[in-house]
Amino acid sequence: RPLAGHRVGNMAGYKASKMASMPETLDPASYYELTPERRRAEQERLALRAQLKRQYQLQLNDPYRATLIEDPALTRWTYARTANIYPNFRPTPKTSLLGFLCGVGPLFFWYYVFKTDKIGRA
């Protein structure tokens, strides 16, 4: 029995919008009418993915492993998030406001604290 508000069938209840076309991945024809080249390409991708997964599992479960397992995708992600921030940074109103609050906000706070302390002592 489906939950309230959920539909069953028809590509998980996807309804096409009037303003946008249906994504190609949700088109039923793309599931059933694949060309032989596309089927072969998908099989090659799946075989490569399975091979990489098996290689990782073998490294992970090796009882004689003495070094860390190097995952290139995780290394790239970590580099992009920590050491290489500025090429991946996009200024938005939210980041501008946060930068202003973290940069100028403490100056106003400490000015107020010192000014009220000075007035209180006088």
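User: Hey, how do the residues of the lining of the largest pocket divide by type?

Analyst: They divide into four nonpolar, two polar and two charged. Here Ala, Val, Leu, Ile, Met, Phe, Trp, Tyr, Cys and Pro count as nonpolar, Asp, Glu, Lys and Arg as charged, and the others, Gly among them, as polar. This is a predicted model, in which local features need pLDDT of at least 70, side-chain atom pairs count only at pLDDT 80 or more, and totals for chains, interfaces and linings use all residues. Residues are numbered from 1 along each chain as its sequence is written, and side-chain values use heavy atoms, with hydrogens and water left out.

User: Which residues line the largest pocket?

Analyst: Leu 52, Gln 55, Tyr 56, Gln 59, Ile 69, Glu 70, Asp 71 and Pro 72. A pocket is an open set of points on a 1 Å grid over the protein atoms alone, where a 1.4 Å probe fits, with protein on both sides within 12 Å along at least five of seven lines; lining residues have an atom within 4 Å of a point.

User: And which helix gives the most to that lining?

Analyst: Helix H3 (residues 36-60), with four residues. Helices are DSSP runs (H or I, at least four residues), numbered from the N terminus.

User: Switching topic, how many salt bridges does a search of the whole structure find?

Analyst: The search finds one. Arg 38 pairs with Glu 42, and the closest N and O atoms are 3.7 Å apart. The criterion is a side-chain nitrogen of Lys or Arg within 4 Å of a carboxyl oxygen of Asp or Glu.

User: How are Arg 38 and Glu 42 placed in helix H3?

Analyst: They sit four residues apart, so about one helical turn separates them. Arg 38 is partly exposed at 37% relative accessible area, and Glu 42 is partly exposed too, at 29%. Buried means under 20%, exposed over 50%, and partly exposed in between (1.4 Å probe, protein chains only).

User: What share of the protein chain is buried?

Analyst: Buried residues make up 2% of the 122 residues. The chain has six helices and zero strands.

User: Which residues form the nonpolar patch on the surface?

Analyst: Leu 97, Phe 100, Leu 101 and Phe 108. Patch residues have over 30% relative accessible area and no salt bridge, with like charges joined within 9 Å and nonpolar side chains (Val, Leu, Ile, Met, Phe, Trp, Tyr) within 5 Å. Three of the patch residues come from helix H5 (residues 93-103).

Note on methods: Areas by Shrake-Rupley, 256 points an atom, 1.4 Å probe, with all protein chains shown as cover. Helix = DSSP H or I, 4+ residues; strand = E, 2+ residues; numbered from the N terminus.
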